[in-house]
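Colleague: I would like to learn how to read a model of this kind feature by feature, with the general idea given before the particular case. Could we go through it together?

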Amino acid sequence: MASLTSARAARTAFCSACRFACPSTTVGSAALIPRRGLSTSTEQAPVDVADKPRWSYTPPRAKAPFSLRFDSKRREFPVNSDPKALDQFYIRLLGADGDKVLSEEVKWLAVTHKSFDQGRRGFNDRLAFIGKRIVQLQASLALVQNPGNASSSAASDSLGREPFAHPALEGLNNLSGNTKSFLMSKSKLAELAQKYELDKVLRWSPRKPNNLASSGMELVLAHTMYALVGAIALEKGGHVANKVAQERILAPLGLKTTA
C-alpha cells in the first residue's frame, strides 16, 4: 500500500514538472482551438426593425437560414396588414370607439392564428381559451334564464304525485350539452364572424389556399371569436368581457340574458 502511494505521488510530481517545463505546449494547443467569447451585454435590434411594431415583422432570430420547401409552388396566402381595416372591424364588432378598446399589439394578436408565419409573431390560443370559458358561462346563464324554450310536458305519475316546481328551476331543462352545442356550434359562430367581416382581417395560413372550407376556416373563425372576448377580458376585465359576450355574440345567436 505504501508503495502504491509513493508511486502515485511520484507520478503527480513528474506531471507537474512537465507542465512547468513546457509552457509553450499548452499555449500552442490553446492557440489552435478558437474560443468563442460570451457577451452579457444586451444586443441591439437591427436598424430596419427597431422602430417597427412587433406584429408587423418576423423576428430575425426566428428565421431559418433557408426554406425546407424546395421549389414549392404553393402561393403565399394574402392577409391584412392595414391598421385602418383592423380598426374598422373592431368598430363593427364593438360599436363606436371599438378601435380604442384594446391596445395596438393585442388587437393584432387577437386575430392572429397560430398557423400564420409559423406562430413566430405570437398567436391567440391562450386568449381563445379564456374567452371560450366566458362565452360558455354566459350561454349557460342565458339558457337557464329563458324557460320558454323548455319542454312543458311532463310524464304523468301513476300515483298522482306532482314534482316540485319553482320559477327559478324552470330553465334547467334548457341546460343540456346538446342544446348548448347546437346553439354555440362552430358553424353558427363562423357565420356570425363573417357578418362582422372577421375573415377580412384574420391572419392565418390555410393548408389549402384554394379551398378554405376544407382547411378548417369555420373552426379558425370560431376560435378567433373566443380570442376576441379573451383579449377584452385581459385588458378591460371580466365585466366588460361578459357584456361583449352577451350583446355581441349571444344576442345575435338568439340567447338573451336578463342581467
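Colleague: Among contacts in the protein between residues at least 6 apart in sequence, what percentage join residues at least 24 apart?

Modeller: A contact here means heavy atoms within 4.5 Å, and among the contacts between residues at least 6 apart in sequence, 73% join residues at least 24 apart. Please keep in mind that this is a predicted model, in which local features need pLDDT of at least 70 and side-chain atom pairs count only at pLDDT 80 or more, while totals for chains, interfaces and linings use all residues. Residues are numbered from 1 along each chain as its sequence is written, and side-chain values use heavy atoms, with hydrogens and water left out.

Colleague: How many helices and strands does the protein have?

Modeller: Helices (H or I, at least four residues) and strands (E, at least two) are DSSP runs, numbered from the N terminus. By that rule the protein has nine helices and zero strands, and along the sequence the pattern reads α-α-α-α-α-α-α-α-α.

Colleague: What share of the residues counts as buried, and which residues have the most contacts inside the largest nonpolar core?

Modeller: Buried means under 20% relative accessible area, exposed over 50%, and partly exposed in between, with a 1.4 Å probe and protein chains only; of the 259 residues of the protein, 30% count as buried. A nonpolar core is a set of buried Ala, Val, Leu, Ile, Met, Phe, Trp, Tyr and Cys residues joined through side-chain atoms within 4.5 Å. The largest one has 47 residues, and Phe89 and Tyr90 have the most contacts inside it. The elements that give two or more residues to this core are α3 (83–94), α4 (104–110), α5 (125–144), α7 (186–195), α8 (217–236) and α9 (238–250), and α8 gives the most, with twelve residues. Leaving aside residues up to four places away in sequence, Phe89 touches Val111, Tyr196, Glu197, Leu198, Val201 and Leu228.

Colleague: How should I read the packing of two helices, and at what angle do α5 and α8 pack?

Modeller: Two packed helices are described by the angle between their axes and the distance between the axes. The axes are lines fitted to C-alpha atoms, for helices over the stretch in contact, and the angles run from 0 to 180 degrees between N-to-C directions. Angles under 35 degrees count as roughly parallel, over 145 as roughly antiparallel, 65 to 115 as roughly perpendicular and the rest as oblique. For α5 and α8 the angle is about 90°, with the axes 6 Å apart, and the two helices are therefore roughly perpendicular to each other. On the α5 side the contact includes Ile130, Gly131 and Ile134, which lie among the residues meeting a set in α8 that includes Tyr226, Ala227 and Gly230. The residues of this contact divide into eleven nonpolar, three polar and two charged, where Ala, Val, Leu, Ile, Met, Phe, Trp, Tyr, Cys and Pro count as nonpolar, Asp, Glu, Lys and Arg as charged, and the others, Gly among them, as polar.

Colleague: Which residues of α7 are buried, and what do they pack against?

Modeller: In α7, Leu189, Ala190, Leu192 and Ala193 are buried. They cover an arc of only 160° around the axis, taken from the directions from the helix axis to the C-beta atoms, which puts them on the same side of α7. These buried residues pack against α8 and α9. With α8 in particular, α7 packs at an angle of about 75°, the axes being 8 Å apart, so that α7 and α8 are roughly perpendicular to each other. The residues of that contact divide into nine nonpolar, two polar and two charged.

Colleague: Which residues of α9 are buried, then?

Modeller: They are Ala241, Val244, Ala245, Gln246, Ile249 and Leu250, and what covers them includes α3, α5, α7 and α8.

Colleague: What should I look for in backbone angles, and where is Asp97 placed?

Modeller: Most residues other than glycine have a negative phi, and most peptide bonds are trans. Asp97, in the loop between α3 and α4, has a positive phi near 60°, and at 48% relative accessibility Asp97 counts as partly exposed. Glu197, in the loop between α7 and α8, also has a positive phi, of about 60°, although it is not a glycine; Glu197 is partly exposed, with a relative accessible area of 27%.
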